[in-house]
Amino acid sequence: MDMPSPNPAILAKKPRLIERLLQVLPADAVIHLESETRAYECDALTAYRCPPMAAVLPSSTQEVSDVLRICHDMGVPVVPRGSGTSLAGGALPTADSVILGVARMNAVLETDYDNRFVRVQSGRTNLSVTGAVEENDFFYAPDPSSQLACAIAGNIAMNSGGAHCLKYGVTTNNLMGVTMVLMDGTVVEIGGAHLDSGGLDLLGVICGSEGQLGVVTEATLRILRKPEGARPVLMGFDSNEVAGECVSDIIKAGVLPVAIEFMDRPCIRATEAFAKAGYPDCEALLIVEVEGSDAEIDEQLERIVAIARRHNPVELRESKSADESARIWLGRKSAFGAMGQINDYMCLDGTIPVSQLPFVLRRIGEMSKQYGLDVGNVFHAGDGNMHPLILFDANKPGDLELCEAFGADILRLCVEVGGCLTGEHGVGIEKRDLMVDQFAPDDLDIQMAVKDVFDPQWLLNPAKVFPLQASEARRAA
Amino acid sequence: MMIPRTEAELADMVAGATGRLQIIGGGTRSVAQAREAQVLTARGLSGITLYEPGSLTLVAQAGTPVAEIEAALAAEGQRLPFEPMDHRGLLGTSGTPTIGGVVGGNVSGPRRIQVGAARDFLLGVRFVDGTGRILKNGGRVMKNVTGYDLVKLMAGARGRLGVLSEVSFKVLPMPEVAVTLVLPDLDDAGAVQAMARALGSPYEVTGAAHWPGQGAYLRIEGFAGSVAYRAGKLREMLGGEVEDSVERWAAIRDVTPFQQVDGDIWRLSVKPSDAPGLVARAGADGALYDWGGGLVWLRMAPGTDLRARLGAFDGHATLVRAGADTRARLPMEQPEPPALAALSAGIRARFDPRGIFAAETDMSPVVVS
């Protein structure tokens, strides 16, 4: 994975830059010693590292504006960072860039239960948004698995999803407004406590723009009343095809579960060895969760179980208690850890049409043999968002490259069957060079044209999302 | 009128255009002819391209009639969840509403308050930009963060960024049962409070509207047992009577109280609890609240500048129906603050560098090279 070479002219500006940053930020908010900038050398895509020239930790929208204005004046690239949990390298710096971290901005600014929103600073973590409203039985719906650590700023940048988005949607469907600072320091307010945009839906394009259009400092988020309860059912099948058909039949029957999770045999085995959740030894396993009052849950589960029975499950386990629910979820929630126990792994994130599930799983199995690398599949089946986990040995020369090539082939397969490269993790640097497999040059050009409007000099997170060759002329201009 | 029959023909027509183009579907949501513009309709691009009920996905050409899509979905027990309104009654137009028009206007009905707007269900678009390039964004899968989300930008762009040729949607199952809880005798403030309590409950209300003088209405949908349970719980909380009918929701969606009556029609998008105060300040001849108060339809004396009367508020006011002289004087959309207006203008300039796409309400002269 290439990154642009650092620009010596920018590196030479470091002393002057630090001096100017210290005029607008307290000393402890400007990190510039080499021993300290190392803490910002990577995000959760740890295979790629590079310490930035400096990192700043502003505490207010005004400070963010001051920092961006200075960097804009001096032509210094800025890489925004939430909590640094990106799996796609979204917050990976270059040596000539400044990391702008929003971690110190984590206040709740307003909670409004009558109008069902909360306004927070963007450094607040996803789970603590729910934490701020749960005493009144409300919650913030998008729930990426990193929710304990990840920041709302990063959720907005990547348009994060989670296990429950089949029912509640992803970040963009729960984001009502932002305060955002443009690269030149201009502060804009977009949206608010009302629904729908008055003019062009700028909020819609900002969400998911991977920190390339502006730095979001505050967000107005939709909150929802918690359901009265939730319970899963676990079902095992002796083929991926049958499990896929069962998913399709449940959806067609008019039941809208809050989550439909799918695990294949390699993943079930690894999980079982690790967490001992008591999962059946079978080809494919589904966990389907529904919400409501006890009686409503029973009504829905009854229909789901009836559908499952038509597909001759090898196991069917309906939860009747909180304890049984926890046991059903135990394996699924340990899946990534279980795979990590076996070896290093790379987690992919392509989405496919649900109807293509059996075909894609079969092809991944064939490719796994060709590459000689094991792969386990655990994913959100209701919406087709796959998470193949490819196992490799980071200490074995060439294994990472082999794994990346295998991953790229899987993602190309996702695109071929009508899906996409990434469902919820974002492009970052990880999938940047595969964008040409999903988009024609003109499709990429019109996206880059949007960045031209918000950030004409291409200083904000410039080496991400678009293949370097495609963005070269714009970055150099 | 220009009626391309294929996407390629559409691209050629746009590339070869020498004057301004006003983009329409069936023309049912337009109230005016853009100045000096030739009309180009997408209605010749028609037909459902792909429908997979088990994947909750439908793809259609932009000129496909909404009715054709709704019928295909109904045959499989599914629907467009965002309940797009039919503007013909309110605007006094005729013709056939198209799915591209729904997307262009981000047209959503009462269920928007619970499930989201048209833009939230739009998975992908194909369109032709102002230079005649055929472009695509998004796709046909429910979760997709690959590149910028221009899908949202195209929803509600009203033909100013490009001509839609194909759109894909996430659809949802139709409920088994639907009922309405009617709360009579509430004033506007009381109704908005009651709707807030219902929407803040765990009972999943899929419509919350208030028709002053008639009553406040809450819609509950789902499986029979669940609907009975939730309607019962809401009635315990708020009183009222449960009706086994949801017919009145079509009337709320299409704003029938203001059909065939005089006056300018405005649409307010506001923070719900602000709505009663704003309605009082507006001095309207009539009001209809939807989305728990987040959407208010107002009938105003002809020529009233509602925005001047309301002053600053969280939200925006759209002029939906008015005489030509009023439309010449008042912009349809709420003017944006300068920094946002500059971003919007910049985006339009990139998508349509020749400035040929004329929104019906654009009053400024455009330059076509």
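This is a friendly dialogue about reading a predicted model.

Trainee: Let's begin with chain A as a whole. What does the secondary structure of chain A come to?

Mentor: Keep in mind that the model is predicted. Chain A has 18 helices and 18 strands.

Trainee: How does the radius of gyration of chain A stand against that of a compact globule?

Mentor: The radius for chain A is 23 Å, and a compact globule with 477 residues would be near 23 Å, so the two agree. Along the principal axes, the C-alpha atoms of chain A fill a box of roughly 70 × 55 × 40 Å. Of the 477 residues, 63% count as buried.

Trainee: And what about the surface and the contacts of chain A?

Mentor: The accessible surface of chain A is about 16,400 Å², with 49% of that belonging to carbon and sulfur atoms. For contacts, take the pairs in chain A at least 6 apart in sequence: 71% of these join residues at least 24 apart.

Trainee: Now the sheet. How do strands of a sheet pair?

Mentor: The general idea is that strands pair through backbone hydrogen bonds, either parallel or antiparallel. In chain A, an open sheet of seven strands runs in the order S15-S12-S14-S13-S17-S18-S16, and the pairing is antiparallel.

Trainee: Which are the edge strands?

Mentor: In chain A they are strand S15 (315-318) and strand S16 (344-347), each of which pairs on one side only. From one strand to the next, the twist averages 15 degrees.

Trainee: Could we look at one pair of strands? Over how many bridges do S12 of chain A and S15(A) pair?

Mentor: Strand S12 (residues 230-237) of chain A and S15(A) pair over four bridges, in the antiparallel sense. To find your place in the model, look for A:Val233, which stands opposite A:Glu318 in S15(A).

Trainee: Which strands does helix H11 of chain A lie across?

Mentor: Helix H11 (residues 265-275) of chain A lies across strand S13 (259-264), strand S14 (284-291) and strand S17 (375-380) of that chain, and runs at about 90 degrees to S13(A).

Trainee: Let's turn to cysteines. What is a disulfide?

Mentor: In general, a disulfide is a covalent bond between the sulfur atoms of two cysteines. Over all chains, this structure holds zero disulfides. A:Cys42, for example, is in none, and the nearest cysteine sulfur, that of A:Cys50, is 11 Å away. A:Cys42 is buried, with a relative accessible area of 13%.

Trainee: Is A:Lys431 buried or exposed?

Mentor: A:Lys431 is buried, with a relative accessible area of 2%. A:Lys431 is found in the loop between helix H15 (399-416) and helix H16 (435-438) of chain A. Beyond its neighbours within four places in sequence, the contacts of A:Lys431 include A:Ala88, A:Leu411 and A:His425.

Trainee: To finish, where in chain B is B:Ala284 found?

Mentor: Look in the loop between helix H11 (275-282) and strand S15 (286-290) of chain B. B:Ala284 is partly exposed, because its relative accessible area is 26%, which falls between the 20% and 50% cut-offs. Leaving aside neighbours within four places in sequence, B:Ala284 is in contact with B:Val279, B:Leu298, B:Arg299 and B:Met300. The C-alpha atoms of B:Ala284 and B:Thr49 are separated by 45 Å, and these residues are 235 apart along the chain.

Technical notes
Residues are numbered from 1 along each chain as its sequence is written. Chains are lettered from A and ligands numbered from 1 in the order in which they are written. This is a predicted model: local features need pLDDT of at least 70, side-chain atom pairs count only at pLDDT 80 or more; totals for chains, interfaces and linings use all residues. Side-chain values use heavy atoms; hydrogens and water are left out. Helices (H or I, at least four residues) and strands (E, at least two) are DSSP runs, numbered from the N terminus. Buried means under 20% relative accessible area, exposed over 50%, partly exposed in between (1.4 Å probe, protein chains only). Contact means heavy atoms within 4.5 Å. Two strands pair if DSSP finds at least two bridges between them. Axes are lines fitted to C-alpha atoms, for helices over the stretch in contact, and angles run from 0 to 180 degrees between N-to-C directions. The radius of gyration is taken over C-alpha atoms; the globule rule is 2.2 Å times the number of residues to the power 0.38. Accessible areas come from the Shrake-Rupley method with a 1.4 Å probe; for residues, only the protein chains shown count as cover. A disulfide is a pair of cysteine sulfur atoms within 2.5 Å.
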